[in-house]
Amino acid sequence: MPKYYEEKEEEDGRACGGVREDLRQCLLESACVLRENKSPKQCLREGHCKSLQVTFFACKRSMVSVCGVFSASGL
């Protein structure tokens, strides 16, 4: 069960840290890692914890501002 909430402080100080931690825990506790002895990276590629992966990437994508991209390039 994910432990991430919007008002929760980021544990590691990085963007989307709560979702990142939930994704990490999900992978480490998955049958793929525990029973099949595969790496978390390999399990992620096989589709385990897909909903948390999508949530994490959506969170990271939301951190990118279109306005920031244009102002950084000097346009």
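In this predicted model, cysteine 16 has a relative accessibility of 3%, so this residue counts as buried. Its partner is cysteine 59: a disulfide joins the two, with an S to S distance of 1.9 Å. Cysteine 16 lies in the segment before helix H1 (17-28) and cysteine 59 in helix H4 (residues 50-62), so this pair ties together parts that are 43 residues apart in sequence. Cysteine 59 has a relative accessibility of 17% and is also buried, because buried means under 20%.

**Disulfides**

A disulfide is a covalent bond between the sulfur atoms of two cysteines. The count for this structure comes to three disulfides. With bonded cysteines counted along the chain, they follow the pattern 1-6, 2-5, 3-4.

| Disulfide | S to S distance |
|---|---|
| cysteine 16 and cysteine 59 | 1.9 Å |
| cysteine 26 and cysteine 49 | 2.0 Å |
| cysteine 32 and cysteine 43 | 2.0 Å |

The link of cysteine 16 and cysteine 59 is left-handed, with -95° about the S-S bond.

Cysteine 26 is joined to cysteine 49 by a disulfide. Cysteine 26 belongs to helix H1 and cysteine 49 to the loop between helix H3 (40-45) and H4, so their bond ties together parts that are 23 residues apart in sequence. This link is left-handed as well, at -95° about the S-S bond. Is each of these cysteines buried or partly exposed? Cysteine 26 counts as partly exposed at 26% relative accessibility, whereas cysteine 49 is buried at 13%.

Cysteine 32 and cysteine 43 form a further disulfide. Here cysteine 32 lies in helix H2 (residues 31-34) and cysteine 43 in helix H3, so the pair ties together parts that are eleven residues apart in sequence. The torsion about their S-S bond is about -90°, and therefore this disulfide is left-handed. Cysteine 32 is buried, with a relative accessibility of 1%. Cysteine 43 is buried too, with a value of 0%.

**Salt bridges**

How many salt bridges does the structure hold? There are three salt bridges.

One of them links arginine 24 with glutamate 21, and the closest N and O atoms of this pair are 2.9 Å apart. Both residues are in helix H1, and because they are three residues apart, about one helical turn separates them. Arginine 24 is partly exposed, with a relative accessible area of 42%. Glutamate 21 is partly exposed at 24%.

Lysine 38 takes part in a salt bridge with glutamate 36, with 3.2 Å from N to O. Lysine 38 also forms a salt bridge with glutamate 46, where the closest N and O atoms are 2.9 Å apart. These salt bridges share partners and join Glu36, Lys38 and Glu46 into one network.

Lysine 38 is partly exposed at 25%, and glutamate 46 counts as partly exposed at 41% relative accessibility.

**Summary**

The model holds three disulfides and three salt bridges. Helix H1 contains cysteine 26, which is bonded to a cysteine in the loop between H3 and H4, and also the pair of arginine 24 and glutamate 21. Helices H2 and H3 are tied together by the pair of cysteine 32 and cysteine 43.

Definitions and conventions
Residues numbered from 1 in each chain as written. Predicted model: local features only at pLDDT ≥ 70, side-chain atom pairs only at ≥ 80, totals over all residues. Heavy atoms only, no water. Disulfide = S-S within 2.5 Å. Helix = DSSP H or I, 4+ residues; strand = E, 2+ residues; numbered from the N terminus. Buried < 20%, exposed > 50% of the residue type's maximum accessible area, 1.4 Å probe, protein only. Salt bridge = Lys/Arg side-chain N within 4 Å of Asp/Glu carboxyl O.
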